[in-house]
Amino acid sequence: MNNLDNLRILYLNAIAGSIVNSDLLIRAAESDMDLTTEVLKSGSRSTGLRESDREIVAYLMNKLEYLDQEIEKIRQGNQSTSRSVTIYLQNEDKSSLEELSATLENLKILIYETSNFISKLKSDYDQCLDDMKSSKMKVVIEESKEHLSRLSDHLEQLFMLTLAIEGSAAKCLILY
């Protein structure tokens, strides 16, 4: 084995290990998404909410449904990345590596756009807190926002990990 082979093995190990970590981050993000929604749903079931408060909750729930769909797309994108890594590890050819790079680029864009959506949604949460009449629901919205913030943190970590995988893939590509 020469030094180039050793470097390729090093980068392959980095890619494979990062995929395992990305799966864990996706599961954590999905859990955060579930908690964000569940807290808001359970809090909104209380009786005596004014119509304006119900409308605010419905607005947030609509936004969270959209976010849930985006998280699902990220999960699917991560699964595609995992499949691309498996194919590359089996074939170790340049075309499989180029396919992996394209898959990573799509995933990176999806994570970035979803993170931007979450930032806007946090602003919506703040506005809804100002507009909410029920003090009990304000507490519920704050709790839901905390889970949303954790979701945002997990997506940021996933984005950084995707960049690391992309960097390792680029280094492997250079070695061909």
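This note goes through side-chain pairings and surface features of the predicted model shown above.

1. Basis of the values. The model is predicted, so that local features are given only at pLDDT of at least 70 and side-chain atom pairs only at pLDDT 80 or more, while totals for chains, interfaces and linings use all residues. Residues are numbered from 1 along each chain as its sequence is written, and side-chain values use heavy atoms, with hydrogens and water left out.

2. Aromatic pairs. The search of the whole structure gives two aromatic pairs, where rings of Phe, Tyr and Trp (its six-membered ring) pair if their centres lie within 6.5 Å, and where planes under 30 degrees apart count as stacked, over 60 as edge-to-face and the rest as tilted. One of them joins Tyr-112 and Phe-159, whose ring centres are 6.4 Å apart and whose planes stand at 45°, so the pair is classed as tilted. Because Tyr-112 belongs to helix α3 (residues 94–131) and Phe-159 to helix α4 (residues 135–174), the pair ties together parts that are 47 residues apart in sequence; helices here are DSSP runs (H or I, at least four residues), numbered from the N terminus. Tyr-112 is partly exposed at 48% relative accessibility, and Phe-159 is partly exposed at 21%, given that buried means under 20% relative accessible area, exposed over 50% and partly exposed in between (1.4 Å probe, protein chains only).

3. Glu-70, which lies in helix α2 (residues 51–91), counts as buried with a relative accessibility of 8%. Once neighbours within four places in sequence are set aside, Glu-70 is in contact (heavy atoms within 4.5 Å) with Leu-110 and Thr-114. Glu-70 also forms a salt bridge with Lys-73, with the closest N and O atoms 3.1 Å apart, the term being used for a side-chain nitrogen of Lys or Arg within 4 Å of a carboxyl oxygen of Asp or Glu. Both residues are in helix α2, three residues apart, about one turn of the helix, yet Lys-73 is partly exposed, at 42%.

4. Other salt bridges. The count by this rule comes to seven salt bridges. Among them, Lys-108 and Glu-105 meet at 3.1 Å, N to O; these residues are three residues apart in helix α3 and therefore separated by about one helical turn. Lys-108 is buried at 15% relative accessible area, whereas Glu-105 is partly exposed at 32%.

5. A bridge between helices. Lys-145 forms a salt bridge with Asp-126, for which the closest N and O atoms are 2.4 Å apart. Since Lys-145 sits in helix α4 and Asp-126 in helix α3, this pair ties together parts that are 19 residues apart in sequence. Lys-145 is buried, with a relative accessible area of 16%, while Asp-126 is partly exposed, with 34%. Elsewhere, salt bridges that share partners join Glu-30, Glu-72 and Arg-75 into one network.

6. Nonpolar surface. Leu-4, Leu-7 and Leu-10 make up a nonpolar patch on the surface, with about 260 Å² of accessible area together. Patches consist of residues with over 30% relative accessible area and no salt bridge, like charges being joined within 9 Å and nonpolar side chains (Val, Leu, Ile, Met, Phe, Trp, Tyr) within 5 Å; accessible areas come from the Shrake-Rupley method with a 1.4 Å probe, and for residues only the protein chains shown count as cover. Leu-10 is placed in helix α1 (residues 3–44) and, at 52% relative accessibility, counts as exposed.

Terms used: Helix = DSSP H or I, 4+ residues; strand = E, 2+ residues; numbered from the N terminus.
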